[in-house]
Amino acid sequence: MSPFTDPCKGKKYILISVRGNGKKCIFESKFEKNGIGLIMNKDGNKITINDVAKAAGVSKGTVDRVLHDRGEVSVKSREKILKVIEELGYKPNFYASILASKKNYHISCLIPEFNNGEFWELTERGVLQGTEYAGRFGISISVELYDQYDLDSFQGACSRVLASGPSGVVMAPMFRNETLKFAKELSDRNIPYVYIDSKLEDDGYLAYYGMPMYQSGYLCADILTDGRDVRKVHIIRIARDKRGLSDPTITRRTGLIDYISEHYPDCQIENTFIDPKDRDARYAVLDGMFASDPDPAKYIVMCNSRVHFVADYLKDRGIRTCRVVGFDVLDRNMAALKDGYVQALIAQHSDRQAASAITAITDFLIMHEPPARKDNYTQMDILNKYNCDYYI
């Protein structure tokens, strides 16, 4: 519980999260419930909606419709009300207004399943951070998980989200075509949605929070090659769904390939697919890759968060002649960086991205304010073994 000071009279109230299990958070407070909501002026005096209506020469219902952008209001009346509000410095007390409206908002977060220590665990941590903010406005949060390697699992999760009747959706796109279908359904129902981690172009999303994917791949290639005489680059990729419909890092990989094509036109690019769930199968594939390429100085990259798979192999095989670059600050990746089996990581704060996405939808639902920017690109932090201990 935390104290909240009423700017009208300096009284303290308590904001109480009565249920907060990481999935849902319901907000209650001891604000006055007048059925309409309060408005405060710059001097801290409490003004009722009746006072605003009287000053503007309209009914309190008309003022309410303007404040909440709903219903029919003439242009003349709207302009008059807004002018009064601006001149007097009034602003809506959204807490009281929400409590009075008794409207229940719910945001659903659609993300892949994960094990301890994996990338999406960091994302769920950000969801929990966002839950705290949304809970202040009585907005509940739920998390719907799916198998990122199974199209049917993703489709089922989308169906469950739609059946829950969400007010907004946060999602990480994995299956392009199915994500576009899901996004269209959300748009048809006027449900705002925000992308995290990666996005689909030319789509009607409310906002995106994550790296600039193409530029991150371009940067990765620059770090990998480092001005050296590079004749072949090995891209290690995850063998995903059997139908090949899931490829979330395609934009990043395109940036990487474009850099190589522009700066190393004679360089070969070889794709190698590994199984994320079968260590023996991974090692067999990597053994074959090393056997087919006699050059011990290999340049290896993974465009996702699983570069520790490569590092584990190199460590077990006693190989220290490769230059390896990957993404994200998983504990296993950081350990590989410190041990010298990975030379660089391009890092991001995925937890902050998820929290920002929930905040954006919350503000849009409550205050009808879209984010200042549609695409909110996060910084790309370059880590090596000398600075990784100081990354916060």
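Predicted model: local features only at pLDDT ≥ 70, side-chain atom pairs only at ≥ 80, totals over all residues.
Start with the rings. The count of aromatic pairs comes to 11. In one of them, F119 and W120, the ring centres are 4.8 Å apart and the planes stand at 90°, so this pair is edge-to-face; the cut-off for that label is over 60 degrees. F119 and W120 are both buried. The pair of F290 and Y313 is tilted instead, with 5.5 Å from centre to centre and 40° between the planes. Here too both partners, F290 and Y313, are buried. F290 belongs to helix α10 (residues 279-292) and Y313 to helix α11 (residues 308-317), so their pairing ties together parts that are 23 residues apart in sequence.

That brings in the two helices themselves. The axes of α10 and α11 run 11 Å apart, and the helices pack at an angle of about 70°. This makes α10 roughly perpendicular to α11, because angles of 65 to 115 degrees fall in that class. On the α10 side, the contact is made by R279, R282, Y283, L286, D287 and F290, and these meet F309, D312, Y313, L314, D316 and R317 of α11. By residue type, the contact of α10 with α11 splits into 6 nonpolar and 6 charged residues, with no polar ones. F290 and Y313, the tilted ring pair, are thus among the residues that meet across this packing.

Elsewhere, the rings also come as a group: Y146, F154 and F175 are linked into a cluster by ring pairs. Setting aside neighbours within four places in sequence, S153 is in contact with Y146 and D147. Is S153 buried or exposed? S153 has a relative accessible area of 18%, and the limit for buried is under 20%, so S153 counts as buried.

In one case, the charged end of R320 is placed over the ring of Y341, at 4.1 Å from the ring centre. In the other, the charged end of K374 sits over the ring of Y205, and the distance to the centre is 4.3 Å.

How values were computed: Residues numbered from 1 in each chain as written. Heavy atoms only, no water. Buried < 20%, exposed > 50% of the residue type's maximum accessible area, 1.4 Å probe, protein only. Contact = heavy atoms within 4.5 Å. Phe/Tyr/Trp six-rings, centres within 6.5 Å; stacked < 30°, edge-to-face > 60°. Helix = DSSP H or I, 4+ residues; strand = E, 2+ residues; numbered from the N terminus. Lys NZ or Arg CZ within 6 Å of the ring centre and 35° of its normal. Axes fitted to C-alpha atoms, helices over the stretch in contact; angles between N-to-C directions. Parallel < 35°, antiparallel > 145°, perpendicular 65-115°, else oblique. Nonpolar A, V, L, I, M, F, W, Y, C, P; charged D, E, K, R; others polar.
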